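Subject: Structure handover

Hi,

Here is the structure we talked about. Please open it next to this note; my findings follow below.

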2 protein chains.
Amino acid sequence: LPSSIKFLNPKSEKTAIGLLSGTSVDGIDAILLKIKNCGTETKVKILDFKTFPIPKTLKASILLNSNNSSAKIVNICELNVYLAKMFANAALNICKKNKIKTEKVDFIGSHGQTIHHLPDKSKSRWKVKSTLQIGDPSVISNLTGITTVGDFRIADCTFDGDGAPLVPFLDYILFRSKTNNRGLLNIGGIANITILPKGCSKDEVFAFDTGPGNMLIDSLVKILFNKNFDKNAKIALSGKLNFELFSILQQDYYFKSKPPKSTGRELYGEKFVKEILRFVKRIPKEDIIYTLTEFTAFTIYYNIKKFVPAKIKLNELIVSGGGSCNPLIMKLLQEYLPDVKVKKFNFNGITAESKEAVLFAILANECLCGNPTNMKNVTGSKKDTILGKICLAYN
Amino acid sequence: LPSSIKFLNPKSEKTAIGLLSGTSVDGIDAILLKIKNCGTETKVKILDFKTFPIPKTLKASILLNSNNSSAKIVNICELNVYLAKMFANAALNICKKNKIKTEKVDFIGSHGQTIHHLPDKSKSRWKVKSTLQIGDPSVISNLTGITTVGDFRIADCTFDGDGAPLVPFLDYILFRSKTNNRGLLNIGGIANITILPKGCSKDEVFAFDTGPGNMLIDSLVKILFNKNFDKNAKIALSGKLNFELFSILQQDYYFKSKPPKSTGRELYGEKFVKEILRFVKRIPKEDIIYTLTEFTAFTIYYNIKKFVPAKIKLNELIVSGGGSCNPLIMKLLQEYLPDVKVKKFNFNGITAESKEAVLFAILANECLCGNPTNMKNVTGSKKDTILGKICLAYN
């Protein structure tokens, strides 16, 4: 076997790097870690995590070229290479910072940058689901000298999977339990949950977006108090529930609709906020924030109560994301779910911020071991597939 | 090691498929072949070759989405998946036709479809060379169940290579000789030559476009005789050389410029033809065709005489492409090069049409063996790289 692929032995401990840039295009997340074994035997040890900022002009160009009315193929073609160079630099940089020679790194797992995502087959001219990531992994492997696995999402589109979300695989690998039914809840702008029944197999995992995360609270705190977020729920805790507003919010259809489901900024964005504002003129501002906070907790509770099958009695709810730092959300969740142990995400150095970077290192490890990692119950794919393309480095 | 990558043993005989669609987007070429060993030890045995037509609406959409003013990211994103399905069907089809089970095929090498190619770094906003192929290899590997290597060109762009041409690697693997200095000449629309000095290493190979191939002759035959091409040089052979036209044609700058160089339809296209037409009003039509045929042969001769270093005394010139079927071109080449044995391409079942499909199967084989296949003297890359991304099939 050529030396470039000697690391395919799944038993040994490997040094790896995970890379990604999210839809907000703020920075390249890079994680340096050790991975042992693969599949459900996987063990990880985090060495370092750093976010490398993406220059404003580059961010602007990426966003412009993600949009169907302004994207140009010349730019897509060039950015695919240029962004890969940025990703490679992030990998080289985190190695240097930790005094680890690139020869000692076994592989990189790189998500790249999503510039288009089309999971709605009914709207497709060619009747396909598709997704497009740039930041070419061949360029990353050549510049770093480290074999790189990338472009993870598209394989799942082959058999009508959405190519997203992929995080539930990480939840499955690291957080499934033999004795507890666990929920992994991430409260970002949108809230999503992964359900891990005790002793579950990969195909028994399911996950969906429950509804709004912090985005409604954040929007109204910005408008009413000119603050970016309600730190420690200080504003909400100085108000109280407004029943009328609460019952109006409950008319939202999304949070009540059946999984599989996913939503984005468009559903709880400007339009939704404007409707709230039209209604709340005579309500004390603090009460509005309290009520939105309770509504957010309520939609999560509602989804767990309604859509987690009765036989999977949830024992633990592990909360990550910005919402896990909101004590009112955490308190309300515990009150709504008295039989469930609600706790903040904390796992061997993996933080809410670094979780996704860990995911892509783990997906690369699985790909190199020949294991399928798409989750049919989560993405809707009809078949198991190995996610990722392997780009061998030549040294 | 997982079973999905057991075929990486370079010694055994492998069954492989090569796939590509060219810039004219007329069809998907599929070749089924046996490959033994790798590198300069490679042996191939062709089993079958077939071109699968690309439907007109799909061709139109691909061309529309290759053009910077009309390309839309939604279409690029979707066509990447849809075209991959067509490529997968071509592979499945050629297996079926030859009664070979897909489990017996070790790998596919797929070029995909180039929709953009930007080798001019000076014109790039981000100061990169880049290229974009669609027809995602992960989708092909999933649909066929055959591990697929694809996306060969972009790795070469990492170190400022053009990502093209790639054919000289095939010439090197199959046609280099220990005793003869060989030229591999392909006369398509444009003529290009690969020079293989005797006993050469990969880095001693060089290649470039010499100038017009059949395109000037074809254009004028169409305009003056309303025929698609000058079959058996019948028209030219009924005329004679017009010295005035010949000396005017010799003022063309491209064929005289130094390699590395490459040209396309834009240089010997409509504008060039119009200038010829303006000049030739009083010249017999047959003489025009004779003169263009001689000019074509002359530019090839000129390039060999001028740009093949004197120490590499060419012994053989092996000619492929449509031009090899033009007896006047072949006769003139032999007259211009009396010390060189000029002969028609013919190699163990590989035809001028199937040559490129063979290339991508061979590049896949090399990638799976961990061998670099870009040629620094040909593409301008500063470093050796392994071309291709490996997409493992899960069965």
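A:Pro165 sits in the loop between helix H4 (154-157) and helix H5 (167-175) of chain A. Helices and strands here are DSSP runs (H or I, at least four residues, for helices; E, at least two, for strands), numbered from the N terminus. The peptide bond from A:Ala164 to A:Pro165 is cis, with omega near -10°. Chain B has a cis bond too, joining B:Ala164 and B:Pro165, with omega about -10°. B:Pro165 lies in the loop between helix H4 (154-157) and helix H5 (167-175) of chain B.

Some ground rules. This is a predicted model, in which local features need pLDDT of at least 70 and side-chain atom pairs count only at pLDDT 80 or more, while totals for chains, interfaces and linings use all residues. Residues are numbered from 1 along each chain as its sequence is written, chains are lettered from A and ligands numbered from 1 in the order in which they are written, and side-chain values use heavy atoms, with hydrogens and water left out.

Most residues other than glycine have a negative phi, and most peptide bonds are trans. A:Asp151 is not a glycine, yet has a positive phi of about 60°. Its place is the loop between strand E6 (148-150) and H4 of chain A. A:Asp151 is buried, at a relative accessible area of 17%. (Buried means under 20% relative accessible area, exposed over 50%, partly exposed in between, with a 1.4 Å probe and protein chains only.) A:Asn232 is another non-glycine with a positive phi, about 55°. A:Asn232 lies in the loop between helix H6 (215-225) and helix H7 (234-237) of chain A. Just after H6(A), A:Asn226 takes a positive phi of about 50°.

H6 of chain A

Buried in H6(A) are A:Met215, A:Leu216, A:Ile217, A:Leu220, A:Val221 and A:Leu224. Their cover includes strand E8 (190-196), strand E9 (206-212), H7, helix H9 (270-279), H10 and helix H11 (327-336) of chain A. The axes of H6(A) and helix H10 (residues 285-307) of chain A come within 9 Å and cross at roughly 170°. H6(A) is therefore roughly antiparallel to H10(A). The contact residues divide into ten nonpolar, two polar and two charged.

The terms: axes are lines fitted to C-alpha atoms, for helices over the stretch in contact, and angles run from 0 to 180 degrees between N-to-C directions. Angles under 35 degrees count as roughly parallel, over 145 as roughly antiparallel, 65 to 115 as roughly perpendicular and the rest as oblique. Contact means heavy atoms within 4.5 Å. Ala, Val, Leu, Ile, Met, Phe, Trp, Tyr, Cys and Pro count as nonpolar, Asp, Glu, Lys and Arg as charged, and the others, Gly among them, as polar.

H2 and H3 of chain A

Helix H2 (residues 73-97) of chain A packs on H3(A) at about 40°, with the axes 8 Å apart. That makes H2(A) oblique to H3(A). The crossing is right-handed, meaning that the near helix is turned clockwise from the far one by less than a right angle. From H2(A), residues including A:Val81, A:Phe87 and A:Leu92 meet A:Val139, A:Ile140, A:Leu143 and A:Thr144 of H3(A). A:Ser138 is also in helix H3 (residues 137-144) of chain A. A:Ser138 is buried, at a relative accessible area of 3%. Setting aside residues up to four places away in sequence, A:Ser138 touches A:Cys391, B:Ile154, B:Ala155, B:Thr158, B:Gly388 and B:Lys389.

Chain B

In helix H1 (residues 56-64) of chain B, B:Leu58, B:Ser61 and B:Ile62 are buried. They pack against helix H2 (73-97) and strand E4 (107-118) of chain B. B:Lys56 and B:Thr57 are exposed, on the face of H1(B) turned away from the buried side.

The axes of helix H10 (residues 285-307) and helix H11 (residues 327-336) of chain B come within 9 Å and cross at roughly 45°. H10(B) and H11(B) are therefore oblique to each other.

B:Gly349 lies in the loop between strand E11 (341-344) and helix H12 (355-368) of chain B. B:Gly349 and B:Phe49 are 300 residues apart in sequence and 9.5 Å apart in space, C-alpha to C-alpha.

Best wishes
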